Amino acid sequence: MERRAQELLITEMIRSLGASLKNRGLYPPSHPQVKSPVEKVFKDLRVFFADRDELALAISDGTLVFEGYPIFNLTSPLEFFVGRLTRIGAPAVIFGKHLTLEDLEIFIRFLHETKEQGLSPREIQKLLVQAGIAHIRVKPIEENDQDDKAIANEIYTNAVSVVTSAMMDVRMGRIPSGAESERVTRDISSMLTRNRDAMMALTLIKNFDEYTYTHSVNVAVMALAVADAMRLSAPDKINVGVAGLLHDIGKTQLALDLIRKPSTLTVEEFEEIKKHPQEGFVLLGKMSHIRPDSAYIVLEHHLRFDQSGYPPQSKGYQSHEHSNIIPVADCYDALTTMRSYQKARYPQQALEIMSKLAGKSLDPYVVSVISKTLGAYPVGTMVRLNTMEIALVVGQGGADEESPKVVVIVDRNGNPLPSPEHVDLSEPEGTDDGHRRSILATVNPNLYSSVAAGALSATLELA
Ligand SMILES: [Fe+2]
Ligand SMILES: [Fe+2]
C-alpha cells in the first residue's frame with residue numbers, strides 16, 4: 001500500500017474510532033452508531049495487515065504520529081480519540097495483526113470508562129490486559145529511552161557527588177547545606193515517575209571503593225520507589241528520599257578504619273558503630289533545608305520493626321510513621337552488594353531473606369511492597385532462557401511480570417556474546433526458529449559475574 005493511502009486509511013480509522021467513542025456517551029453499547037464504526041475499523045485493519053504485522057501510532061503533543069510522520073488533518077472525532085488517549089496517558093498504541101473485533105470493542109469501552117489520567121504506559125498496559133484486550137499494546141516512545149538513560153545517569157552521578165561532598169564536609173568539621181540533597185532527591189523522584197527502569201537499573205552499580213556513597217544513593221532510589229508504591233504524598237516522599245540519601249552520614253563521626261573494617265567487629269567496635277543514627281540525627285538537625293521528619297527517619301533507621309535495635313528506646317516509643325521504609329531499602333541494597341566479607345545475594349535470594357526478617361527487624365507491609373515493586377524478576381536477576389541462553393534482567397516488561405526486559409549475555413553454548421542482545425520478553429518477537437523466548441529459571445549470578453558486569457556497563461552506557 002502506498003504511503004498516502006496508508007495515511008488516509010489511518011485517518012479514516014481514527015475518525016471511526018473517535019465517532020464510536022463519542023457515541024458511547026450517547027447510546028447504549030449495542031447501538032449501531034457505536035458498533036458499526038468499530039466493525040469498519042476492523043475491516044480496514046485487515047487491509048492494513050495484509051503486508052505488515054502491526055500498526056504503531058504515537059501521540060506527541062496531541063498530534064498523531066505514524067512511522068515518524070505527523071498526520072495533521074485532525075477533525076473533531078479524531079481529536080476526540082487522540083484527546084482521550086492522551087488524557088489517560090498513552091504515548092504510543094500498537095495494534096497487532098491478530099487483533100479481534102472484540103479487542104477493538106473492549107478498547108473503545110476502556111477509553112470510554114477509564115477515568116484515571118496521566119497513567120504510565122505500564123499501568124495502562126496492565127489495565128488493558130485486565131480488560132482482556134490481547135492485541136492492543138501501549139508503550140513509551142522509543143526515542144526517549146536513550147535520552148532517559150543519559151538523564152538518569154546524570155542524576156545518579158550527581159547524587160553520588162552530593163552525598164560524597166556532604167560527608168567530606170562533615171569530616172572537615174563543616175555543616176553542609178541540605179539544599180543539594182533535597183534537589184537531587186526531587187530529581188530522582190521525578191525520574192522514577194518518568195522512566196523507572198532507567199533509574200532503578202543504576203542501583204546495580206556496586207562500586208566497592210565508593211560503597212558508602214553509592215549505597216546511600218541506592219537506598220534513596222529504592223526507598224523512593226517503595227514510597228511511590230505506597231502512595232505517599234510528594235512532601236513525604238521527599239522526606240523519605242532525603243533520609244535515604246543521608247541515612248549513614250553519622251558514620252563520618254566514626255574512625256574510617258572502623259567503617260571499612262573487612263572482618264567481624266568486636267563488641268566495643270560495634271558499640272561505636274551503633275552511635276551513627278544518633279550522630280546522623282544531630283547532623284541533620286543542623287543542616288538547612290532538611291525537615292525534622294528526615295532527621296527522625298535517620299535516627300530510627302536501625303531501630304527495627306520490633307524496636308529491638310539501636311539507639312534503644314523506652315517501651316511504647318512512637319517511631320515516625322515513615323521510618324519503616326529505609327530499613328527495607330537498606331537491607332536490600334546491602335544484601336545484593338558484594339562486600340569483602342560477603343558474597344552478593346541475587347535479588348530473589350535477598351527478597352527471600354527479607355521475607356524471613358519481616359515482622360522482626362523489617363516491617364512486613366513494606367517488605368511486601370518492595371517485593372511487588374521489584375516484580376518476579378527484579379532488575380539485576382540473572383536468568384536462563386528456554387533457548388538455554390543466559391540473560392540479565394534490565395527492566396520490567398509490559399503487564400506481564402514474568403516477561404521482563406533482558407540482555408542476553410551468554411549464548412546457548414556457554415560463550416559470552418561479543419555484544420549483548422536486548423530482548424523484551426513481553427514482545428511477541430521470535431528467535432531464529434520462531435519460538436518466543438521465555439525465562440526457565442534464575443541462575444547463580446556469581447557464575448557469570450564478569451560477563452554480567454561488562455554487559456551491565458554496556459547497557460547503562462557507562463563504559
Ligand atoms: Fe546505618
Ligand atoms: Fe545503610
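A crossing of two helices is called left-handed if the near helix is turned anticlockwise from the far one by less than a right angle, and right-handed if it is turned clockwise. In this predicted model, helix α7 passes helix α10 in a right-handed crossing. The contact involves Ser181, Glu182, Thr185, Arg186, Ile188 and Ser189 on the α7 side, and Lys237, Ile238, Gly241, Val242, Leu245 and Leu246 on the α10 side. Five of these residues are nonpolar, four are polar and three are charged. Helix α7 spans residues 179-194 and α10 spans residues 234-246; their axes come within 9 Å and cross at roughly 115°. Because angles of 65 to 115 degrees count as roughly perpendicular, α7 is described as roughly perpendicular to α10.

Two further helix pairs were examined. Helix α13 (residues 276-286) and helix α14 (residues 292-299) have axes that come within 8 Å and cross at roughly 170°. The cut-off for a roughly antiparallel arrangement is an angle over 145 degrees, and α13 is therefore roughly antiparallel to α14. On α13 the contact is formed by Pro277, Gln278, Gly280, Phe281, Leu284 and Gly285, which meet Ser294, Ala295, Val298 and Leu299 of α14. This contact has six nonpolar and four polar residues, and no charged ones.

Helix α16 (residues 347-357) and helix α17 (residues 364-374) cross at roughly 165°, with axes that come within 10 Å. These two helices are therefore also described as roughly antiparallel to each other. The crossing of α16 with α17 is left-handed. Pro347, Leu351, Met354 and Ser355 of α16 are in contact with Val367, Ser371 and Leu374 of α17. By class, five of the residues in this contact are nonpolar and two are polar, with no charged residue.

An open sheet is formed by five strands in the order β9-β8-β7-β6-β10, with antiparallel pairing. Strands β9 (416-424) and β10 stand at the edges; each has a single partner strand, so one side of each is left without a neighbour in the sheet. Direction ignored, neighbouring strands of the sheet are turned by 35° against each other on average.

Within this sheet, strand β6 (residues 382-385) pairs with strand β7 (residues 390-395) over three bridges in the antiparallel sense. Arginine 384 is placed opposite isoleucine 390 of β7. The hairpin of β6 and β7 has four residues between the strands, and methionine 388 in this hairpin takes a positive phi near 70°. Strand β6 is also joined by three bridges to strand β10 (residues 439-442), and these two strands run antiparallel. Isoleucine 439 in β10 is the bridge partner of leucine 385. Valine 407 has histidine 422 of β9 as its bridge partner.

Elsewhere in the chain, valine 65 lies in strand β2 (residues 63-66). Valine 65 has 17 other C-beta atoms within 10 Å. A residue is classed as buried at 20 or more such atoms and as exposed at 12 or fewer, so valine 65 is partly exposed. Valine 65 and alanine 92 are separated by 27 residues in sequence and by 8.9 Å in space, C-alpha to C-alpha.

Key: Residues are numbered from 1 along each chain as its sequence is written. Chains are lettered from A and ligands numbered from 1 in the order in which they are written. This is a predicted model: local features need pLDDT of at least 70, side-chain atom pairs count only at pLDDT 80 or more; totals for chains, interfaces and linings use all residues. Axes are lines fitted to C-alpha atoms, for helices over the stretch in contact, and angles run from 0 to 180 degrees between N-to-C directions. Angles under 35 degrees count as roughly parallel, over 145 as roughly antiparallel, 65 to 115 as roughly perpendicular and the rest as oblique. Two residues are in contact if their C-beta atoms, placed from the backbone, lie within 7 Å. Ala, Val, Leu, Ile, Met, Phe, Trp, Tyr, Cys and Pro count as nonpolar, Asp, Glu, Lys and Arg as charged, and the others, Gly among them, as polar. Two strands pair if DSSP finds at least two bridges between them.
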